[in-house]
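Thanks, everyone. Please have a look at the structure on the screen. I'll take the sheet, then the helices, then the pocket.

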Amino acid sequence: MTTQAHAKDGTRQEMAAGCVSYSWTPEVHDFYGDPEAILHKMDHVDMELSSRRIFVLLTESQGSADVRFFEQAEGGDYKVSTWSGGSLDGLGGRLADTILKNKGIHCVGEQTRALLTPLGMTEQATVPAPANPRAAFAHTVRNHGKDTFTRATCALLC
């Protein structure tokens, strides 16, 4: 289902129903610490993941980085695309710039997909809608290793 949104400049944009309000009000949460501390912090943030069409997790520790791109598929499940490497190389800042420049005009999830496309992510799996952030992100965060100082960035898009 799509709807038309009126941008501040008077143009009309076609977006999926949830994108209209969420593109104007995306959220980005940064968490630092070892994986268990990060997960504990995530437990206390209501991210409403199952109400989002697209959300992203960026994780980085010394010498290791991951991107997990979640996109809702038919039936409420999520397709998960991934990338791993040695460093995010400023990707978190570029994501923030993309959101700010978008100003809620276009679908912020699609804008983020365009930002991530050059990474060459691969679709890994289709998973049920996560019940909470721990269910969605624990495996990836823990993959950085026990007692490893890590940054996890959750971008809740459209």
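**Sheet, helices, pocket**

Let's start with the sheet. This is a predicted model. There are 6 strands in an open sheet, and the order runs E3-E8-E4-E5-E6-E7. Pairing is antiparallel.

Which strands stand at the edges? They are E3, residues 27-33, and E7, residues 122-127. Each has a single partner strand, so one side of each is left without a neighbour in the sheet. On average, neighbouring strands are turned by 15 degrees against each other, direction ignored.

Strand E6, residues 78-85, is joined to E7 by 5 bridges. The two run antiparallel. Val80 stands opposite Ala125 in E7.

Next, the helices. H4, residues 108-116, packs on the sheet. H4 touches E4 (54-61) and E5 (64-72). The direction of H4 makes about 145 degrees with that of E5. H5, residues 133-142, packs on the sheet too. H5 touches E4, E5 and E8, which spans 150-156. The direction of H5 makes about 20 degrees with that of E4.

Last, the largest pocket. Its volume is about 210 Å³. How many residues line the pocket? The count is 16, and Phe70, Val80, Val127, Ala136 and Thr140 lie nearest the centre. E5, E6, E7 and H5 each give two or more residues to the lining. Which element gives the most? That is H5, with 7 residues. By class, the lining has 10 nonpolar, 4 polar and 2 charged residues.

That's my tour. Over to you.

Conventions. Residues are numbered from 1 along each chain as its sequence is written. This is a predicted model: local features need pLDDT of at least 70, side-chain atom pairs count only at pLDDT 80 or more; totals for chains, interfaces and linings use all residues. Side-chain values use heavy atoms; hydrogens and water are left out. Two strands pair if DSSP finds at least two bridges between them. Helices (H or I, at least four residues) and strands (E, at least two) are DSSP runs, numbered from the N terminus. Axes are lines fitted to C-alpha atoms, for helices over the stretch in contact, and angles run from 0 to 180 degrees between N-to-C directions. Contact means heavy atoms within 4.5 Å. On a 1 Å grid over the protein atoms alone, a cavity is a set of points where a 1.4 Å probe fits but cannot get out, and a pocket is an open set with protein on both sides within 12 Å along at least five of seven lines; lining residues have an atom within 4 Å of a point. Grid points are joined across faces, edges and corners, and a volume is the space filled by probe spheres set on the points. Ala, Val, Leu, Ile, Met, Phe, Trp, Tyr, Cys and Pro count as nonpolar, Asp, Glu, Lys and Arg as charged, and the others, Gly among them, as polar.
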